[in-house]
Amino acid sequence: MQANKIKVVINGMTYTLVTDKSEEETKKIADYVNKTIKEIDDNKLTQTMTTVLASINITDDLLKLKENYDKLKEESEEPLRLFPKLKQEYDLVNDRLSSTKEKYEKSNDELIKSAKKIEELNSTIDSLNKKINSYRKDLTKKDEDLNKLRNEINTIQRRNSRYQKEIEELQKEIK
């Protein structure tokens with residue numbers, strides 16, 4: 001890496017820093033140091049004391065960050081260790097899901113075909129029911145006609161029987 005010479009002002013004093021960081025990063029660090037010094041500076045402390053206290057506060061912040069980092073690193077070890085197993089389980093579940101989806105789509109297609117077939121059969125049933133109703137009406141009409149004819153036959157037979165008797169009586173009278 002290339003070393004950069006960057007001038008920064010910290011607590012009113014200019015320093016030339018040699019660093020591999022960019023000028024923007026270096027000035028950000030200097031701004032943070034200045035902010036920390038201003039939080040402490042109450043004009044009762046010497047510049048050295050203010051700088052030492054600022055260093056202690058910055059070091060405290062750094063140690064807290066390191067402690068948090070170590071804790072997060074420790075907490076992330078188990079998930080990172082489990083990741084391959086979880087990934088494998090995820091892939092297995094995903095494969096099952098794909099298989100189930102294929103079965104669902106196949107079943108859905110079959111269901112749609114069955115529904116269409118049922119619709120066709122229902123249409124055929126409706127058509128046949130209409131024919132049956134028409135045949136029933138015709139049959140009822142023919143039954144009525146048949147009953148009328150039977151009644152007429154009965155009437156004719158009774159008349160015939162009466163006429164027969166009359167003929168017999170007339171024949172007896174004629175003899």
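Trainee: Which residues make up the largest nonpolar core?
Mentor: Bear in mind that this is a predicted model. The core has eight residues: I6, V8, I10, A30, V33, I37, I40 and A54. Both β1 and α1 supply at least two residues of it, and α1 gives the most, with four.

Trainee: What makes that set a nonpolar core?
Mentor: The label asks for buried residues of nonpolar types, joined through side-chain atoms within 4.5 Å. The eight residues, from I6 to A54, form the largest such set here. As background, nonpolar side chains tend to be buried together in soluble globular proteins.

Trainee: How do you know that β1 and β2 pair?
Mentor: At least two bridges are needed for a pair. Strand β1, residues 4-10, and strand β2, residues 13-19, have seven bridges in the antiparallel sense, so by that cut-off they pair.

Trainee: Why is N11 called partly exposed?
Mentor: Its relative accessibility is 26%. Buried would need under 20% and exposed over 50%, so N11 counts as partly exposed.

Trainee: Why does T16 get that label too?
Mentor: T16, in strand β2, comes out at 48% relative accessibility, so it counts as partly exposed. Exposed would take over 50%. Leaving aside neighbours within four places in sequence, T16 is in contact with K5, I6 and K7.

Trainee: What makes the approach of S22 to T26 a polar contact?
Mentor: The limit is 3.5 Å for a pair of N or O atoms. Here the backbone oxygen of S22 lies 2.9 Å from a polar atom of the T26 side chain.

Trainee: How do you know that the buried residues of α1 are on the same side?
Mentor: The buried ones are T26, A30, V33, N34, T36, I37 and I40. They cover an arc of only 160° around the axis, which puts them on the same side of α1. In general, an α-helix has 3.6 residues a turn, so residues three or four places apart point the same way. The face turned away carries the exposed residues E24, K28, D31, K38 and E39.

Trainee: What do the buried residues of α1 pack against?
Mentor: They pack against β1, β2 and α2, which covers 47-174.

Trainee: One from α2, then: why is T50 called buried?
Mentor: T50 lies in helix α2. At 2% relative accessibility, against a cut-off of under 20%, T50 counts as buried. Apart from neighbours within four places in sequence, T50 is in contact with I37, I40, D41 and L45.

Terms used:
Residues are numbered from 1 along each chain as its sequence is written. This is a predicted model: local features need pLDDT of at least 70, side-chain atom pairs count only at pLDDT 80 or more; totals for chains, interfaces and linings use all residues. Side-chain values use heavy atoms; hydrogens and water are left out. A polar contact is a pair of N or O atoms within 3.5 Å; within protein, one must be able to donate a hydrogen and the other to accept it, and residues adjacent in sequence count only if both atoms are side-chain atoms. Buried means under 20% relative accessible area, exposed over 50%, partly exposed in between (1.4 Å probe, protein chains only). The arc is that of the directions from the helix axis to the C-beta atoms. Contact means heavy atoms within 4.5 Å.
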